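Please walk through the charged side-chain contacts of the protein shown here. The account below goes pair by pair.

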Amino acid sequence: MKVHMTFKHMDATEALKNAVNEKSDRLQKFVGADTELQWVCGVDGGLHVADLHVKGPHLDLFAQARTPDMYTSIDEVAVKIDKQLKKKKEITKDHLHRDR
């Protein structure tokens with residue numbers, strides 16, 4: 001799994017990088033080794049924006065969160081992607097095990 005981080009209109013602190021890496025590690029159980037995570041964190045109109053784009057084989061997901069706090073935005077994006085990944089996994093599981 002590859003993790004790319006981009007910070008726009010803000011400094012990339014070690015604490016932010018650690019928060020992004022921690023959330024990325026939690027998502028690793030749902031994605032394969034050849035999956036790419038693209039994080040974009042920035043400030044837009046006084047709000048902290050966090051975007052996450054997950055790209056992989058048969059997988060293309062995106063989530064965005066806007067809050068007054070960057071750490072909250074990162075948490076919310078991770079929760080949104082987690083829900084999307086669980087839903088995709090459930091759909092795939094149901095499709096493979098349905099009665100024919």
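A residue is called exposed when its relative accessible area is over 50%, buried when it is under 20%, and partly exposed in between. By that rule Glu14 counts as exposed, because its relative accessibility is 52%. The model is predicted.

Side chains of opposite charge can pair when their charged atoms come close. The structure holds 4 salt bridges, and three of these pairs are taken up here.

Glu14 forms a salt bridge with Lys17, at 4.0 Å from N to O. Both belong to helix H1, which covers residues 14-27, and a spacing of 3 residues puts about one helical turn between them. Lys17 has a relative accessible area of 29%, so Lys17 is partly exposed.

The next pair joins two helices. Asp75 and Lys23 meet through their side chains at 3.0 Å, N to O, in a salt bridge. Asp75 sits in helix H2 (residues 70-97) and Lys23 in helix H1, so this contact ties together parts that are 52 residues apart in sequence. Lys23 is buried, with 12% relative accessible area, whereas Asp75 is partly exposed at 34%.

Asp82 counts as buried because its relative accessibility is 18%, while Lys86, at 45%, counts as partly exposed.

Methods:
Residues numbered from 1 in each chain as written. Predicted model: local features only at pLDDT ≥ 70, side-chain atom pairs only at ≥ 80, totals over all residues. Heavy atoms only, no water. Helix = DSSP H or I, 4+ residues; strand = E, 2+ residues; numbered from the N terminus. Buried < 20%, exposed > 50% of the residue type's maximum accessible area, 1.4 Å probe, protein only.
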